[in-house]
Amino acid sequence: MKIIKILMAFLFFGIFSCSELNEEIRDTINEETALAEVEVSALLTAVYEAHRTPYQDQSRFWAAQQHTTDETLGPTRGPDWDDNGIWRVLHQHTWDSDHSFLSNTFNELLEIVFNASVIIETFGDKATAQQIAEARFIRAFAMFSVLDGWGQVPFRDDLDDFSKDPQVLSGNEAIDFIINETNTAMTNLPERSAVQAYVANKDAARVLLIKAYLNKGTFADRSNPSFPSEDMDQVITLSQQLVGSGNYSVSDNVFDNFAPNNDAISTELIYTNENRGGESSGNVRSRWFCTLHYNQNPSGWNGFTTIADFYDRFDANDERLGLSYDGVTDISGIKVGMLEGQQFDEKGTALKDRSGAPLAFTKEVSAVENGSNLEVTGVRVIKYPIDYDGGDNADNDYVFYRYSDVLLMKAEAHLRKGDEATALDLVNQIRSKRGFTQDLTALTLEDLLDERGFELYWEGHRRTDLIRFGKFLDAYSGKESSGSERLLFPIPSGALASNPNFVQNPGY
């Protein structure tokens, strides 16, 4: 049976890439020769790069985390961006079990889980302890995303018998498995200081554990989240290990964390997905192409915006609203942050839309735009400074975990335990770097949710946060209040048909 696993590894990891070698391997492959052909490092690289589609593409996990919230809207603009309503239904919480983005995301995340398992189970004898630990962390990381979105995670603990259906983990069983896997991996993971942030490391494992404990009571009952003191203590202890390491600080400019050279200039990066400028990358460029107008540089796709409900929460002094940025504004006139009002090129010339009207982005935006101003509605968002040198392969490493998020999660745990003073100090540490000269003097949970939005917008955290804070089902611009079934995505029909251990989530 082991030879079947090896052949499946060749298939999933794309080992069959050279036609002459293909014929030779297919004619002569057996267990011994197959194992000899495989380099574990190449398999591990393939698993890392497999993160690119489900996480970096605008139509996958990011869409599930953003378009379902008050942070992001993908309006239909006349004939543009209709796509049979696939974007609108996410924002309006009217998706169904056949939503292709959600189904594709589910399947691609589970491919990561399976391929990491192949490294652990099939090639463990060839792998180093660190390689096994990296694969184990990656598996737990992807499983957390599946649990977050769908509430059920299939897991095959025996790769010797594919006639058996994978077991399906949910609730406390699933989160406990992820916690145990992450703790096991941490033993042999490298220190963050010894590797680039795009390599699984001990601090990345600590952040995954922080998120697991912070959301544990929510995943158990999303309609009535709980925050046991012992879970919050774990969040605080793990967070303090990163704070006390001295390896991180809040970046002076938040946008440095997302710049084309973020791997060199950020003081916050804990875990990322590597992109190699001009050579090989995921679709990180979609973070600016999806929102920029056709007449800006680069010529964008004139799609996604934030909405006024979210934008209006910001203080006018908050630098995260928008700044000039070297290597971007001097080339194109585009600022980073949120683009509202008249837009200009690098020479200060006012830009126009395709009808010749001023290219002045408005706060007002609807899910369906048909008016003469349909090209300019909605505040545009540039969280990742544009890479003008990388072409289609932008150099900005994609950010999963960073230090400011850790501080805010630590603050949340303190606040939920009744320690407002410590939480307030942590929040003010971040605010002091974001243009504020006066500290907050009080902090509620609602305030903290806002602070997470101000710091982490457009980074793919909002849905998880809104559910944990009990706000995900609320009404906001373009969306009525929704039913509790929307707290989970539907299990795709293909998964239900292939594995009877799945049970469709309520309401679908």
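This report describes aromatic contacts, strand pairing, helix packing and backbone features in a predicted model.

## Basis of the description

The model is predicted, and local features need pLDDT of at least 70, side-chain atom pairs count only at pLDDT 80 or more, and totals for chains, interfaces and linings use all residues. Residues are numbered from 1 along each chain as its sequence is written, and side-chain values use heavy atoms, with hydrogens and water left out.

Helices (H or I, at least four residues) and strands (E, at least two) are DSSP runs, numbered from the N terminus. Buried denotes a relative accessible area under 20%, exposed over 50%, and partly exposed in between, with a 1.4 Å probe and protein chains only.

## Aromatic pairs

Across the whole structure, a search finds 31 aromatic pairs. Rings of Phe, Tyr and Trp (its six-membered ring) pair if their centres lie within 6.5 Å; planes under 30 degrees apart count as stacked, over 60 as edge-to-face and the rest as tilted. One of the pairs joins F314 and F454 in a tilted arrangement, with 4.7 Å from centre to centre and 50° between the planes. The pair links distant parts of the chain, 140 residues apart: F314 belongs to the loop between α15 (308-311) and β5 (322-323), and F454 to helix α19 (residues 445-456). F314 is buried, at a relative accessible area of 8%, and F454 is buried at 7%.

Ring pairs also connect a cluster whose members are Y55, F61, F137, F141, F258, Y271, Y384, Y398, F400 and Y401.

## Charges over rings

A charge sits over a ring if NZ of Lys or CZ of Arg is within 6 Å of the ring centre and within 35 degrees of the ring normal. K383 lies over the face of Y457, 4.2 Å from the ring centre. The charged end of R416 sits over the ring of F227, at 3.6 Å from its centre.

## Strand pairing

Two strands pair if DSSP finds at least two bridges between them. An open sheet of three strands has the order β5-β6-β10, with antiparallel pairing. Its edge strands are β5 and β10 (380-382), each of which pairs on one side only. Two bridges connect β5 and β6 in the antiparallel sense, and G322 has G337 in β6 as its bridge partner. Strand β6 (residues 336-339) is joined to β10 by three bridges, again antiparallel; here M338 stands opposite V381 in β10. I382 is also placed in strand β10 and is buried, with a relative accessible area of 0%. The C-alpha atoms of I382 and F258 are 10.0 Å apart in space, while the two residues are 124 apart in sequence.

A further antiparallel pairing joins β4 to strand β11 (residues 398-402) through four bridges. In β11, V399 is the bridge partner of T272. Strand β4 (residues 269-273) is largely enclosed by the rest of the structure, because five of its five residues are buried.

## Helix packing

Two packed helices are described by the angle between their axes and the distance between the axes. Axes are lines fitted to C-alpha atoms, for helices over the stretch in contact, and angles run from 0 to 180 degrees between N-to-C directions. Angles under 35 degrees count as roughly parallel, over 145 as roughly antiparallel, 65 to 115 as roughly perpendicular and the rest as oblique.

Helix α8 (residues 100-122) packs with helix α9 (residues 129-150) at an angle of about 155°, their axes being 8 Å apart. Helices α8 and α9 are therefore roughly antiparallel. Helix α4 (residues 40-49) packs with α8 at about 165°, with the axes 10 Å apart, so α4 and α8 are roughly antiparallel to each other. The crossing of α8 and α9 is left-handed, as is the crossing of α4 and α8; a crossing is left-handed if the near helix is turned anticlockwise from the far one by less than a right angle, and right-handed if clockwise.

## Backbone features

The peptide bond from N297 to P298 is cis, with omega near 5°. P298 lies in the loop between α14 (286-289) and α15.

W81, although not a glycine, has a positive phi of about 65°. This residue is located in the loop between β1 (76-77) and α7 (88-92), and W81 is buried at a relative accessible area of 14%. W458, also not a glycine, has a positive phi of about 70°. W458 lies in the loop between α19 and α20 (462-468) and counts as buried, at 2% relative accessibility.
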